[in-house]
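Open the model in your viewer and keep the selection tool at hand. We will go from stop to stop, picking residues and looking at what is there.

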Amino acid sequence: ATRDIRPGEEVFIDYGREWEKAWKKYVKEWKPPIDSDDFAPAATLQKSVLQQDDLLIPLRTISEQEDEPYPQNLVFYCHTVTFGTAEDMANEGLYLWGDDEWEYEWSEWNDWSGWEFDANNSARWTPKFPCKIIHRSEEAVFDDDGNNIGHRYSAILLTEDEVEENMWAEIVIPQNEKHVIHDIPRAAITVRDKMYSKNEFLHGSFRHAMMIPDDIFPKAWINL
């Protein structure tokens, strides 16, 4: 820079007349995708509907979504750790499968500490499974200090035949097994965009080379 950039200032780059002409043409001719009425990025929805930062807002169950569905490009993920019997826990934390049906309390396998008020950090360290919410507690739950920490949920984890190609899953549950988790804290449920469903992946998104002129770069940068 030829001078110091002050706080709050922005740096603008002129991509050139060719880029600007292409952009204006794109804006003039652009039409929304056919299914755009049923599309909302997860980041936008979290702020307007789901309120991911406000864990007190109830999430709708699959039965409630029949009348009031979420956008089709979204998927819920449940954060949880090792599955298995008590004996399995000694097996170095491996993910063990085998029984046709598993049904258990979330707290049997997960440590509650840190989840209610450090959800973003805690969620990084546990596997995420695509899931369907089947039940929500009637009342919100309070912790030992009297803080309202939201509803508790029951969810079915999706099996390998239910996970669509554009759903991401760290661990895939065999299709002949059924995993139901009860008493899931709100902080252990996140919402994400299905893979390749964001705006930049949509058919017809604007693409054009950034026609940046060479003379805006110092010679020392381009003389390699």
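Select Cys 78 and Cys 131. Their link is right-handed, with 85° about the S-S bond. The two sulfur atoms lie 2.2 Å apart, and the pair forms a disulfide (a pair of cysteine sulfur atoms within 2.5 Å). A disulfide is a covalent bond between the sulfur atoms of two cysteines. How many disulfides does the structure hold? It holds 1. Cys 78 sits in strand E1 (residues 74–79) and Cys 131 in strand E3 (residues 128–136), so the pair ties together parts that are 53 residues apart in sequence. Strands (E, at least two residues) and helices (H or I, at least four) are DSSP runs, numbered from the N terminus.

Are Cys 78 and Cys 131 buried or exposed? Cys 78 is buried, and Cys 131 is too. Buried means under 20% relative accessible area, exposed means over 50%, and partly exposed lies in between (1.4 Å probe, protein chains only).

A word on the model before you move on. It is predicted, so local features need pLDDT of at least 70 and side-chain atom pairs count only at pLDDT 80 or more, while totals for chains, interfaces and linings use all residues. Residues are numbered from 1 along each chain as its sequence is written, and side-chain values use heavy atoms, with hydrogens and water left out.

Next, colour the strands. Pick strand E2 (residues 101–105) and strand E5 (residues 178–185): they pair in the parallel sense over 5 bridges. Two strands pair if DSSP finds at least two bridges between them. Find Glu 103; opposite stands Val 180 in E5. E4 and E5 pair in the antiparallel sense, over 5 bridges. Here Arg 152 stands opposite Pro 185 in E5.

Step to His 151, in the loop between E3 and E4. His 151 counts as buried, because its relative accessibility is 9%. What lies 2.9 Å from a polar atom of the His 151 side chain? It is the backbone oxygen of Ser 137.

Now look for charges. Side chains of opposite charge can pair when their charged atoms come close. The structure holds 6 salt bridges (a side-chain nitrogen of Lys or Arg within 4 Å of a carboxyl oxygen of Asp or Glu). Select Glu 68 and Arg 60: their side chains meet in one, at 3.6 Å from N to O. Glu 68 is partly exposed at 46% relative accessibility. Arg 60 counts as buried at 15%.

Then select Arg 136 and Glu 64, another salt bridge, 2.9 Å from N to O. This pair links distant parts of the chain: Arg 136 is in strand E3, Glu 64 in the loop between helix H2 (42–50) and E1, 72 residues apart. Both count as partly exposed: Arg 136 at 22%, Glu 64 at 29%. Elsewhere, salt bridges that share partners join Arg 3, Arg 6 and Glu 9 into one network. Within it, the side chains of Arg 6 and Glu 9 meet at 3.1 Å, N to O.

Last stop: show the surface. Select Ile 5, Val 11, Ile 13, Ile 216, Phe 217, Trp 221 and Ile 222, which form a nonpolar patch with about 720 Å² of accessible area together. Patch residues have over 30% relative accessible area and no salt bridge; like charges are joined within 9 Å, nonpolar side chains (Val, Leu, Ile, Met, Phe, Trp, Tyr) within 5 Å. Areas come from the Shrake-Rupley method with a 1.4 Å probe; for residues, only the protein chains shown count as cover. Zoom in on Ile 216, in the loop between strand E6 (189–193) and helix H4 (219–222). Ile 216 is partly exposed, with a relative accessible area of 44%.

Key: Polar contact = N/O pair within 3.5 Å; in protein donor to acceptor, adjacent residues only side chain to side chain.
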